[in-house]
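Biologist: I'd like to learn how to read a fold like this one. Can we take it a feature at a time?

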Amino acid sequence: MRKREGEQRLREALVRAGCRWTRQRAAVYSCLEKVDHHPTVEEICTAVRQQLPNISLATVYKALEALVAAKLATKLTYGDGSARYDCRGEDHYHLRDIETGEVRDLPTDFDPALLDKLDPRLVRRLAEDGFQVTGYRLEVLGRYDHRASSQADHSADSQL
Ligand SMILES: [Zn+2]
């Protein structure tokens, strides 16, 4: 039942954006919803092929572009030309591993007043220069210390 509701929502959003619902697009969206990080086209393609072995990279790419047009996903682009996809709609922050390029959601609440905390005059000063602030993005950079995270997992297990 819940699966059917999700499919209906996907169908309506695609049609509103002038895109067709296809089995491939549904499979790509479902893969994107399942992962806990923001994958590249290649990573999504590998995952979708477990379900649809013959799907091409170009079809996956077009499916992702349709999801972006339907506002069901956001394309995160980087200076090196790489792109990752995120299906979480509300404002939030990211962290990025500078060695692997992996992008995940930052485990903290979004603060709409953060710019004012940074500089209380900034938004007004920009408006005086003719720049209307509509939002901001924040990305925390770093690298995973896998030794530390496996210890954290271990202590979480022992609490269960
Ligand atoms: Zn995200």
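This is a predicted model: local features need pLDDT of at least 70, side-chain atom pairs count only at pLDDT 80 or more; totals for chains, interfaces and linings use all residues.

Biologist: Which residues of helix 2 are buried?

Modeller: Helices are DSSP runs (H or I, at least four residues), numbered from the N terminus. In helix 2, the buried ones are Arg25, Ala27, Val28, Tyr29, Cys31 and Leu32.

Biologist: And what is the largest nonpolar core made of?

Modeller: In soluble globular proteins, nonpolar side chains tend to be buried together. A nonpolar core is a set of buried Ala, Val, Leu, Ile, Met, Phe, Trp, Tyr and Cys residues joined through C-beta atoms within 7 Å. Here the largest has 19 residues, and Val28, Leu32 and Val60 are among those with the most contacts inside it. Helix 2 (23-34), helix 3 (41-48) and helix 4 (57-69) each supply at least two of its residues.

Biologist: How do I read strand pairing?

Modeller: Strands are DSSP runs too (E, at least two residues), and two of them pair if DSSP finds at least two bridges between them. Strand 1 (residues 74-77) and strand 2 (residues 83-86) are antiparallel, with four bridges, and Thr74 sits opposite Asp86. Five residues separate the two strands in a hairpin, and Gly81 in the turn has a positive phi of about 90 degrees.

Biologist: What about the open sheet?

Modeller: Its three strands have the order 4-3-5, with mixed pairing. Strand 4 (103-105) and strand 5 (139-142) are the edges, each pairing on one side only.

Note on methods
Residues are numbered from 1 along each chain as its sequence is written. A residue is buried if 20 or more other C-beta atoms lie within 10 Å of its own, exposed if 12 or fewer, and partly exposed in between; C-beta atoms are placed from the backbone.
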